[in-house]
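This report looks at how the parts of one protein chain meet. Please keep the sequence and the structure in view while reading.

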Amino acid sequence: MLETPNLSQGLIHYWWVPIQDNGNFFEECKATLSKKEQEQISFFKFKRVQSERIISHGALRLLLGNYLRMDPKKVRIASHKKGKPYSADDPKLYFNTSHSGGRCAFAFSRDHEVGIDIEKLRPMKDVDELIDRNFTPVEQAYINKLQDDKLNRFFRYWTLKEAYLKAIGEGMRLAPDSLEFTIGSCGAKLTGTSGYVEHEDWSFREITPEIGYTGTIAYLGKDTNIHPLTMLLSYSNM
C-alpha cells in the first residue's frame, strides 16, 4: 500500500513514477478513475497515450487520496478558470503534474502554488527553429554556445519556462519568449518578463530525476526544501 510522508510547511514533495501498462499498479491506477476520466482517455487512439493518461491520472488520485486521507476514488479534482487543476477537497494542497518519455512527475506543496515540468532528453530535428521561436536573444546565445551541450541546454530552458507558466496557471498561453531566464553557478533565475506577471519571489530548482531526463520545479519563496520520492516498481507488484 502506498504511504506518503508528512507534507509539512516549507517542504515540497516531488514524485517520480515509471509508466507501465501492466501489473497491479496499473490496474490500481485505472480503478481510481472516474467514469468521465475513463471515457476521455478512451478517445486517445494509441495505447501508449492511453497508458500514460491512466497512470498520470490514477497516480495523482492515489497521491491526493493519501495526502488527504481519503478514498482516491472520491477525490475531487477541479480546474481554475484558465485550466490549472486543483483539489476541490483542500484547495490549500497545491500540486502540479508532468509526463514525458514513459515517466510521470508530481509536485505537492502546502505553502504555495507549484509547477513542475520534465522532459526526456532526445534528438529534435527542428531544435533550431524552436530555439529561434521560443527563446530570447540572451537565452539563444547561451543555448548555442556549446554545440555538444545544445540539446541539454535547450531542454533545461524549456522546462524552466514550462514549470513557471504552469505554476502561475498560464500554461503555454503566454509566449515562451516573453520570459527570460539566466542559468549560472547559483542556479536558474527569472530575470525578466514582458510585463505580464510578477517574478521577483519565484524560485526554480532544476532536477535530474533519472539519467536521460531533466526537469524544473517552480515555486514561490526561497526557504523551501524539496524532497524527491519515487513510486518504486516493487509497489506496482504488490
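## Terms and model

Contact here means that heavy atoms lie within 4.5 Å. The model is predicted, so that local features need pLDDT of at least 70 and side-chain atom pairs count only at pLDDT 80 or more, while totals for chains, interfaces and linings use all residues. Residues are numbered from 1 along each chain as its sequence is written, and side-chain values use heavy atoms, with hydrogens and water left out.

## Two domains and their interface

The domain assignment, which is automatic or comes from a database, gives domain 1 (11-117 + 224-230) and domain 2 (120-219). Their centres, taken over C-alpha atoms, are 23 Å apart, and 20 residues of domain 1 are in contact with 23 residues of domain 2.

The two domains bury about 1800 Å² between them, 53% of it on carbon and sulfur atoms, where buried area is the accessible area (1.4 Å probe) that two parts lose on being put together, summed over both. On the side of domain 1, Trp16, Lys82 and Asp117 lose the most area to domain 2, together 36% of what that side buries.

## Charged links

Between domain 1 and domain 2 there are three salt bridges, each defined as a side-chain nitrogen of Lys or Arg within 4 Å of a carboxyl oxygen of Asp or Glu. The side chains of Arg103 and Glu210 also meet in a salt bridge, at 2.8 Å from N to O.
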